[in-house]
Structures are given as C-alpha cells and as structure tokens.
Amino acid sequence: MPSWGNFVLDKGMNAASAITKFRAVKLTAEETVGPVTALGDMVIGVAQVGVSAGEITKGKGCSFRSIGVTEMEAEGVIAVGARVAIASDGRASATVAVGTRIIGVCVEASAGAGQRCTVLLNLPGPLMVTGL
C-alpha cells in the first residue's frame with residue numbers, strides 16, 4: 001500500500017545544507033533548517049522536498065511538515081502502531097532506546113530499509129533518558 005500524508009502545519013525555511021526528502025530536519029539558525037545528524041537532535045519537522053547544494057545557491061528552501069501525518073524514509077521494518085524514533089541520519093526508526101527522540105507513531109508500516117512508512121507526528125518528541 002502506498003504511503004500518504006495529511007498536513008496540519010507545513011512550513012518553508014532556508015536550507016543550511018543538502019536535505020533529503022522524507023527525512024527529519026532540525027533548526028540550524030533563525031528561519032533555517034538542516035538535516036538531522038544525531039539521535040538526540042531536536043526535530044522541527046520532516047522534509048517534504050529534497051534540496052541539493054546547487055539548488056540552495058539558487059535560493060531554493062525546504063518545505064517541511066511539523067504537525068500532521070507524513071511519509072518518512074525508514075531505516076528498517078516498522079510495524080503499524082510502533083513508536084517511531086529518528087535515526088542519526090534523520091530516517092524513521094523503530095529502535096527506541098536511551099538517547100533517541102520519539103517523534104510519532106507509525107500508521108502505515110515499512111517493509112524494510114529505504115522504504116517509506118507513514119507517521120503521525122508528535123514533535124519535537126521526548127528524548128528517551130531511561131528505557132521503556
């Protein structure tokens with residue numbers, strides 16, 4: 001079944017560096033987002049478009065979803081109803097452990113790495129400081 005999304009709040013900002021579509025983004029400066037690079041990063045949304053370094057020089061920014069349901073690239077299998085955390089590269093992950101940030105709940109499963117899943121967002125999401 002194909003993934004889907006339903007926005008409540010989408011926002012556009014400048015891109016600090018190249019951003020991959022359907023991966024988590026974080027604030028890097030005022031009105032500027034960049035890709036998530038660590039498990040505990042404060043996620044502001046999920047990129048709805050990809051932005052290359054060349055496109056940034058031409059003024060292209062990044063549109064991202066902060067509230068609603070979004071597609072995400074998964075790092076592995078994620079079941080419906082599972083808590084979704086972020087991997088260090090901004091992909092959705094079913095691995096919820098100390099140091100990860102839970103960003104939502106899976107509402108459409110992923111069959112494996114590189115596949116898309118659908119996530120009901122709950123941002124910025126709690127940082128796990130103890131096990132579940």
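Predicted model: local features only at pLDDT ≥ 70, side-chain atom pairs only at ≥ 80, totals over all residues.

Reply: A nonpolar core is a set of buried Ala, Val, Leu, Ile, Met, Phe, Trp, Tyr and Cys residues joined through side-chain atoms within 4.5 Å. Buried means under 20% relative accessible area, exposed over 50%, partly exposed in between (1.4 Å probe, protein chains only). Residues are numbered from 1 along each chain as its sequence is written, and side-chain values use heavy atoms, without hydrogens and water.

Me: What is the mean pLDDT of the protein chain?
Reply: In this chain, 95% of the residues reach 70 or more. The mean is 93.

Me: Which residues have the most contacts inside the largest nonpolar core?
Reply: This core has 15 residues. Those with the most contacts are M72, I78, V84 and C117.

Me: Which strand gives the largest share of this core?
Reply: Strands are DSSP runs (E, at least two residues), numbered from the N terminus. β4, β6, β8 and β9 each supply at least two core residues. The largest share, three residues, comes from β9.

Me: Is S93 buried or exposed?
Reply: S93 sits in strand β7. Its relative accessibility is 3%. That is under the 20% limit, so S93 counts as buried.

Me: Which side chain does S93 join in a polar contact of 2.6 Å?
Reply: A polar contact is a pair of N or O atoms within 3.5 Å; within protein, one must be able to donate a hydrogen and the other to accept it, and residues adjacent in sequence count only if both atoms are side-chain atoms. The partner of S93 is E75.

How values were computed. Helix = DSSP H or I, 4+ residues; strand = E, 2+ residues; numbered from the N terminus. pLDDT = per-residue confidence, 0-100.
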